[in-house]
Amino acid sequence: MIDTTAMPALDDIVSAFQIEGLPVRGRLVRLGAAVDEVLTRHDYPEPVANLLGEACALAALVGSSLKFEGRLIVQAQGDGPVRYVVVDYDTSGGLRGYCRFDAEEVAKASEGFVRPGAKTLLGGGVFIMTLDQGPDMDRYQGVTPIEGETLALCAEQYFQQSEQTPTRVRLAVGQADSGEGLKWRAGGILIQSIAGDETRGETKEAWNHAQAFFETTGEDELIDPTIDSPTLLWRLFNEDGVRLIEEKPLRSFCRCTDDRIAVVIQSFTEAEKAEMVEPDGKIHVTCEYCSRVYAVDPETVG
């Protein structure tokens, strides 16, 4: 049976779980309004929005396991139609993301595809995860080549190469109508094998067993607003039982502030700042992440 004590099922939440009796742990993320806000702040073509939505779900899955206060940055960059995709996950549960792309190249690359994947959109390049524990600590960065067609495969390869941890990931993005018109949704599930020891013994058979059930996960289930997290986990792992351990709420956010923008402008020379002044006498700065436009008086950042 499944233990859901004091754990309500909500959108914009990531839940950690343990398969009962097996050395396999995992996390499940369901994103509603948070990912819709991230994806609708820019006029992204559908393939680009899908890619960024997957990156948001992946960042929440991985970032929610961090045991320190800080941030996880998930990014992929290459020489394809999408130059880069980046998502910033704050350990308080905040998500922000952005894609830089060439619209004409994206349209051309999408011809003949129902949904072009990461490899098609990003081309040759690298997948990067960066752990930032604050200004007093060095950043840790893991880099692997983009070889899989999906971000899920990139993440699996990253964990295999960087941490030698058998990991499976499935991600899904789409639009659904929950009574307020079509809204973007994203979901994802990750499972990892816990290494064997004298107590557990060999864990390969248990890992294969868990993967067999993981493979039955449908992308439509991950983004279906009528299926809550406990129900989905029960569908997948009811034969063994599954226990929800912890849940974390998620939200969209941005780090931009008036003070941060002022610091950026102050880094330019006086001549450069003079060239930035527009007819209204202000310097206008648009945040790449949230699209907020700042109108700054040049005299305040002299």
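How many bridges join strand β1 to β2? The views below, from a predicted model, take up this pairing and its surroundings.

**View 1. Strands β1 and β2 side by side.** Six bridges join β1, residues 13–19, to β2. The two strands run antiparallel. Within the pair, Phe-17 stands opposite Gly-26 of β2.

**View 2. The five-stranded open sheet.** The strand order is β8-β9-β2-β1-β10, with antiparallel pairing. From one strand to the next, the twist averages 15°. Strands of a sheet pair through backbone hydrogen bonds.

View 3. Helix α6, residues 204–214, lies across β1, β2, β8 and β9. It runs at about 165° to β9.

**View 4. Arg-27, a buried charge in β2.** Arg-27 lies in strand β2, which covers residues 24–31. The residue is buried, yet has no salt bridge. Glu-246 is the nearest side chain of opposite charge, 8.1 Å away. A salt bridge would need a nitrogen–carboxyl oxygen distance within 4 Å. Instead, the Arg-27 side chain reaches the backbone oxygen of Leu-61 at 2.4 Å.

**View 5. Contacts around Arg-27.** Leaving aside residues up to four places away in sequence, Arg-27 touches a set that includes Val-14, Ser-15, Ala-16 and Phe-17. Leu-61, Val-62, Ser-64 and Ser-65 are also among its contacts.

Notes. Residues are numbered from 1 along each chain as its sequence is written. This is a predicted model: local features need pLDDT of at least 70, side-chain atom pairs count only at pLDDT 80 or more; totals for chains, interfaces and linings use all residues. Side-chain values use heavy atoms; hydrogens and water are left out. Helices (H or I, at least four residues) and strands (E, at least two) are DSSP runs, numbered from the N terminus. Buried means under 20% relative accessible area, exposed over 50%, partly exposed in between (1.4 Å probe, protein chains only). Lys and Arg count as positive and Asp and Glu as negative; His and the chain ends are not counted. A polar contact is a pair of N or O atoms within 3.5 Å; within protein, one must be able to donate a hydrogen and the other to accept it, and residues adjacent in sequence count only if both atoms are side-chain atoms. Contact means heavy atoms within 4.5 Å. Two strands pair if DSSP finds at least two bridges between them. Axes are lines fitted to C-alpha atoms, for helices over the stretch in contact, and angles run from 0 to 180 degrees between N-to-C directions.
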